[in-house]
Amino acid sequence: MTERMPNRDAAVLNLPNVLEVRGLNVHIATDDGELCAVADAAFSVRDGETLALVGESGAGKSMTALAVMRLAQSAAIRVSGEILLRTGEGEPLNLLALNAPAIRAVRGRLASMVFQEPMTSLNPVLRVGDQIAEAIVAHEAIGWPAARARALDLLRLVGIADAPARSRTFPHELSGGMRQRVMIAIALACRPRLLIADEPTTALDVTVQAQVLALIRSLQKELGMAVLFITHDLGVVAQIADRVAVMYAGRIVEEAPVRDLFAAPRHPYTQGLLRSMPNAGRAARSHRIAPIPGSMPSLARLPLGCAFHPRCERAEPGRCDAGVPALEAIGDLRAVRCWRWREPALAAAENG
Amino acid sequence: MLAVLMAVVAVFAPWLTPHDPDATQMLARLKPPAFMEGGELNHVFGTDQAGRDLLSRCIYGVRVSVGIALFGLVIGCLIGTTLGVISGLFGGIVDRAIMMLVDVFISVPNLLIVLVGVAAFGTDIIVLVFLIGLARWETYARMVRGQVLQVREMPYIEASRALGASRAWIAIRHVLPNIASPLIVLLTLNFPSILLLESSLSFLGIGVQPPTASLGSMVGDGRDHLIAAWWVAVAPALVIVAITFVVQMLGDWLRDVMDVRIDD
Amino acid sequence: MPARELIKAQQVSVSFEVRRAGWRRHAFQAVRAVDLTIGEGEVLALVGESGSGKTTLGRALLRLIEVSAGTIEFRGQLITGLAPAALRPLRREMQIIFQDPFASLDPRMRVGDIIAEGLRIHGVADAAARAARVAQLLAQVGLEPEHAWRFPHALSGGQRQRVGIARALALNPRFIVADEPVSSLDVSVQAQIINLLYELKEQLSLTLLFITHNLGVVRLIADRVAVMYLGRIVEIADTESLFERPAHPYTQTLLASIPLPDPNAKFEPVALAGEMPSALDPPSGCAFRTRCTRASAQCAALPPPLDKVRGGDAHSAACWHPIQF
């Protein structure tokens, strides 16, 4: 548990993509007109790899996750682009092209999701063992007794002691951390290739969070699945991710392997985010911290050009407020969406 | 808009009505409405068994019925809200006593309370207003108490306490404005039943006394002529329906206007 | 510890009555026999997980919650047992900032009225004087004068939190309890509010009780830290002393559980056995013993007192077997 995943940096390149998202757009119709909650998102997650999607509230990270699972669908929401999920041999599935029964067959079996609030995600009137068994029965030709037996194994897998007794309890009888373990057990019931975890530890206390993070990490190692981990907590990112994609106002603004991102962030927003994060691991030199001025714009009133330019100390009038920069690749592993990332001022800030 | 129109009509009734509502015209009894055969434009809604103009009587009836219902509503709401706020804010024994009273009131039919009241105090219109008000206070008390219990837990109430605010201050400045929306909805939901209560009392002959027209007494009068001259009962009944409908819409509109989140 | 004592709590307990399973009543002790002194001008952080009683203790110090036992002194004056009328002038001296910037502002009041509420309560009748003070406070917390006319829902989370701070400052308090003031804010905005609080603290020489579960923020701004577990303070020390040399096994676990924003830092969370016991039915002796690797028979027999663990240094822990460095 103490050592990091072996495949953190370059080695992951050779593995095939389990999930590949291209040109993903999510538009939401509101009274104020159509908002673009996710714009032109492109990323991939490989076998055994954890990609963290980081951003503040309203950045579009949860919407991206829901769109991948095809859960972001209502009359008001329009999703376009390509979401390719590799299923083993042969051509990958484009999830956006699947009909309703086909997508239900994918959910839970090939890809599953864990949510932030483990209380509301569980059915309060069903015993937890049955809820796990239900997830198995839904996807496999298997009887209830066999499914219940597998449910017990899963409870043991997620580190729940005394599984037979716990499987007979109702969700409200369990603590928050226990419920989140049950949620993870349900998500893993059919050994999916891809696990999407949407802020799975945000509602938990720090000691419980540590246990759940350790659990996700060890399960990933054991089962070799790909994890898309959505969070706003840079501490969690540093400890669980192999690669990181930073989102701001609906767009990915930077993508990099985790060590590179923390050592040398390229985008001014990422730099600001890292500077404004208090670190419990070292003594404070002063009682001050460097914040990013202002706050994230609402999607209904996005500024022209780069959405970050009103808060960016390096914004250049006539350029940053004129056009949206492209996500530009830097080598094989990194990409940044900034007009000025090559300029020395930005490069120098890396070391600061 | 419709509500304003109705209010104007009721207030300016003496100048608007084509006929004296209590003037009998024995020659023109039970005339049908203008659109029917035998009707005339002089009596748009027709006339009743005593030859009184139904349109005029309806206009006056609105005045009397809505007046009684409104005052009754306000009285019930004042009593209920005050007790509800006290109950929710103080809790403990006060709360239990008030809620006990509410439960007792709920289990006694409204009509019975009014009947007993009328028997005791007579059929004076003031008495009637108070009795009708009393008949419904417990719904406000219950709802307001529930809302107060919810609002009471909000951090902004605690902030006010931390600033040194008294309970009365908190009740007036924070609790009341924040329970206003559901209260208005309840008021408009209660209005029809209060109006109907008045009408049914008058229908039973213990409400507004003849010859004063109220919508309920008019429907009551029309009962005897339903087959031969249905309009005598139907005209005031339709007016009751129309008023009820308009008040509901008014309630929705008021609630939206008072919601600071929607304007601004 | 700095200069003078501002707040002195002795053997403070808070219990609530809860009904469980029918009509039987249970006393639920949220805070148990806590001794705590806060010096003038100090920033004391109160940390702990949910159910530790940190929020209840903060409220009790302000007498927003009544204590069931013990005494609290504010600048030498006993405030427990004071009648509401006698307490009112003291309310000017001690204020609170809340976690949720949405629920802590009355949605039906304008920002200016929210900030001025304390002035009204304490009899500043002159509208012009109030308006001038509101304008001054808005500037102090980094808002614009026209924000006074807005309703809370028209503001962002960070702006609302600034309004909450302005309200707390309106009466020139000496002591402020900040209850998770940045927990519901985004990281970039969080930093703005932390800076603001610290600057105001310096400018106005405030004393802060900073209740939080965010240990990064604690290390940044606190002078001293008190750690709570199941209603008791289990460790209290100068910030660096606590982070570098925790004496209580629970503190050590807590610190090891923080995911640090550094991919090269070792993340070795100590898995705690079991779960936090119910406060309705706490373990005998030391409440942490059921999950503690160092527990002995002594731990089950007697609750350990909060004692100095190292000579000369203001570092105390309630543990029979403290970690030695």
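Which helix of chain B has the lowest mean pLDDT, and which the highest? Among the elements of chain B, the lowest mean, 60, belongs to helix α2 (residues 13–16) of chain B, and the highest, 90, to helix α8 (residues 155–162) of chain B. Here pLDDT is the predictor's confidence in each residue, from 0 to 100, and helices (H or I, at least four residues) and strands (E, at least two) are DSSP runs, numbered from the N terminus.

## Basis of the model

This is a predicted model, in which local features need pLDDT of at least 70 and side-chain atom pairs count only at pLDDT 80 or more, while totals for chains, interfaces and linings use all residues. Residues are numbered from 1 along each chain as its sequence is written, and chains are lettered from A and ligands numbered from 1 in the order in which they are written.

## Confidence

The mean pLDDT of chain B is 76, with 74% of its residues at 70 or more. Chain A averages 86, and 93% of the residues score at least 70.

Within chain A, confidence is highest in strand β9 (residues 243–248) of chain A, at a mean of 96, and lowest in helix α11 (residues 344–349) of chain A, at 54. Two stretches of chain A stay under 50 in pLDDT: residues 1–12 and residues 348–352. Two residues are in contact if their C-beta atoms, placed from the backbone, lie within 7 Å. Beyond four places in sequence, the model has 16 contacts for residues 1–12 of chain A and three for residues 348–352 of chain A.

## Chain B

Chain B has 11 helices and zero strands. Of its 264 residues, 41% are buried. A residue is buried if 20 or more other C-beta atoms lie within 10 Å of its own, exposed if 12 or fewer, and partly exposed in between, with C-beta atoms placed from the backbone. Among contacts in chain B between residues at least 6 apart in sequence, 66% join residues at least 24 apart.

## The largest nonpolar core

A nonpolar core is a set of buried Ala, Val, Leu, Ile, Met, Phe, Trp, Tyr and Cys residues joined through C-beta atoms within 7 Å. The largest one has 269 residues, and A:L194, A:L228 and C:F210 have the most contacts inside it. Helix α3 (residues 54–90) of chain B supplies the largest share of this core, 15 residues. Domain 1 (15–241) and domain 2 (251–279 + 289–349) of chain A both contribute residues, so the core lies between them.

Leaving aside residues up to four places away in sequence, A:L194 touches several residues, among them A:V18, A:L85, A:M225 and A:L228.

## The two domains of chain A

Domain bounds come from an automatic or database domain assignment, which gives chain A domain 1 (15–241) and domain 2 (251–279 + 289–349). The C-alpha centres of the two domains of chain A lie 29 Å apart.

Ala, Val, Leu, Ile, Met, Phe, Trp, Tyr, Cys and Pro count as nonpolar, Asp, Glu, Lys and Arg as charged, and the others, Gly among them, as polar.

## Contacts of chain C

The contact between chain C and chain A takes 38 residues from chain C and 39 residues from chain A. On the side of chain C, two or more residues come from each of α6 (187–203), α7 (215–221) and α9 (249–256) of chain C, and α6(C) gives the most, with eight residues. This side of chain C has 20 nonpolar, 10 polar and eight charged residues.

Toward chain B, 22 residues of chain C are in contact with 18 residues of chain B. The elements α2 (84–91), β6 (94–97) and α3 (111–121) of chain C each supply at least two residues of this side of chain C, and the largest share, three residues, comes from α3(C).

## Backbone details in chain C

C:Q11, in strand β1 (residues 5–19) of chain C, has a positive phi of about 50 degrees although it is not a glycine. C:N172, in the loop between α5 (157–169) and β7 (175–179) of chain C, has a positive phi near 55 degrees and is likewise a residue other than glycine. C:Q11 counts as exposed, with 12 C-beta neighbours inside 10 Å, and C:N172 is exposed, with 12 other C-beta atoms within 10 Å.
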